[in-house]
Amino acid sequence: MGAAGATGGATLRSLAAMGAPTRALTRDPDRLAATLDSGTRPLVDPTYADAADPRSLREALREARQLFLTMANGPHQVEHELRTIDIAGECGVEHVVKISAPAAEPRSPVAVSRGHHRTEEHLLASGMAATVLRPYAFMQKLLLQAPGIAAAGVMHGAMERARCNYVDVRDIGDIAADVLTRPELAGGTYELTGGRAYSHPEVAELIGELLGRPVRYVDLAPDELRAHLMTRAGMPEWLATHVVEIQRLAVLRKEEPDPTITRLTGRVPRTLPAFLEEHLPLFR
Ligand SMILES: NC(=O)c1ccc[n+]([C@@H]2O[C@H](COP(=O)([O-])OP(=O)(O)OC[C@H]3O[C@@H](n4cnc5c(N)ncnc54)[C@H](OP(=O)(O)O)[C@@H]3O)[C@@H](O)[C@H]2O)c1
């Protein structure tokens, strides 16, 4: 599921690197097929599925044994994930790997995480084997700060000096692919973080060092950041509210690296300095 998106795309590429054939679900199979390289194409079957359309899900999940379930955030996310889980069960899927989020609890301060909690509970009650991946903030989302840094040398947030457990989406894809291909890993709940947590002032300093010019972090009040994201970045209100809630979660609950990625794979997670260096042209 979500094979054209961030976590689904990373999982698809990790599975392809292992030589594992995958049915890649999307609402636009032609667009997905056009993104595949010649090594990946023979292993991937781009297939139409819309979680709003039960018939397409039944067709797409036919004879599947395992499902990787990820879904873009949005007002219908929980409804779409619950429906997908129900239809996967009807189709005989044996194991579901679900992308969840930190603080997936009934009274979580993050609304999206309350939704993930509902979906996790539904999945655990489904009778299928269930593996839950709870990644922290994706390093890739820091690229949203690139235009502001390139234009004005400024990065905005509402996280004060709290540190955030950034994780590279490619590590999430590697873990998902491992869990889908190594039966001994199935059935757990895994917190996924990078090897070190960074505050916003530290991220600004890192980018400044790489660019060779100062980058300033401006900490805004939560309401100011929400307004900034809606007016400057054009985010809908629910998404701006989500970004603010995630940043305030890091202030409310200290984030510390979790060793799960190393424990499962035997290697250290990708680092934030390496990620920023790789994407430096975007910040220039
Ligand atoms: N961003 C973070 O830092 C972060 C941190 C922790 C957890 N998470 C969680 O990670 C998940 C998002 O993962 P992501 O970044 O991989 O998502 P994404 O790239 O935003 O979207 C994933 C895919 O969802 C699919 N989708 C949307 N509506 C659909 C529908 N009606 N039917 C079928 N597919 C649909 C889209 O596929 P098509 O358009 O191809 O159909 C899209 O490519 C969220 O649940 C979020 O809470 C995010």
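In which strand does T26 lie? T26 lies in strand β1, residues 22-26; helices (H or I, at least four residues) and strands (E, at least two) are DSSP runs, numbered from the N terminus.

Before I continue, a word on the basis of this talk. This is a predicted model, in which local features need pLDDT of at least 70 and side-chain atom pairs count only at pLDDT 80 or more, while totals for chains, interfaces and linings use all residues. Residues are numbered from 1 along each chain as its sequence is written, and side-chain values use heavy atoms, with hydrogens and water left out.

Let me stay with T26. At 9% relative accessibility, T26 counts as buried; the term means under 20% relative accessible area, with exposed meaning over 50% and partly exposed in between (1.4 Å probe, protein chains only). A polar atom of the T26 side chain lies 2.9 Å from the backbone nitrogen of D28. Leaving aside neighbours within four places in sequence, T26 is in contact with A4, L32, T47, Y48 and A49, where contact means heavy atoms within 4.5 Å.

T26 also brings us to the ligand. The ligand is surrounded by 27 residues, and the closest are T7, T26, R27, A51 and Q77; a residue is counted here if one of its heavy atoms lies within 4 Å of the molecule. A backbone N or O atom of A6 lies 2.9 Å from a ligand oxygen, a polar backbone atom of M71 is 3.0 Å from one, and a polar backbone atom of F138 is 2.9 Å from one. Taken alone, the ligand exposes 920 Å², and the protein buries 85% of that; the areas come from the Shrake-Rupley method with a 1.4 Å probe, and for residues only the protein chains shown count as cover. The elements that give two or more residues to the shell around the ligand are α1 (6-18), α4 and α5.

I turn next to α5. This helix, residues 111-124, has 14 residues and reaches 20 Å from its first C-alpha to its last, close to the 20 Å expected at 1.5 Å a residue; the expected span is 1.5 Å times one less than the number of residues. Among its buried residues are V112, H116, H117 and L123. The buried residues of α5 pack against α4 (77-90), β4 (95-99), β5 (129-135) and α10 (237-252).

Helix α10 holds Q247. Is Q247 buried or exposed? Q247 is buried, with a relative accessible area of 10%. A polar atom of its side chain lies 2.7 Å from the backbone nitrogen of A158. Beyond its neighbours within four places in sequence, Q247 is in contact with G157, A158, M159, H200 and L225.

Now the interior. A nonpolar core is a set of buried Ala, Val, Leu, Ile, Met, Phe, Trp, Tyr and Cys residues joined through side-chain atoms within 4.5 Å. The largest has 23 residues, of which Y166, V203, I207 and L272 touch the most other members. Elements giving two or more residues to this core are α6 (146-152), α8 (200-211) and α12 (272-278), and α8 gives the most, with five residues. A second, separate core of 21 residues includes I99, V167, I172 and L180.

P214 is exposed, with a relative accessible area of 74%.

Notes: Polar contact = N/O pair within 3.5 Å; in protein donor to acceptor, adjacent residues only side chain to side chain.
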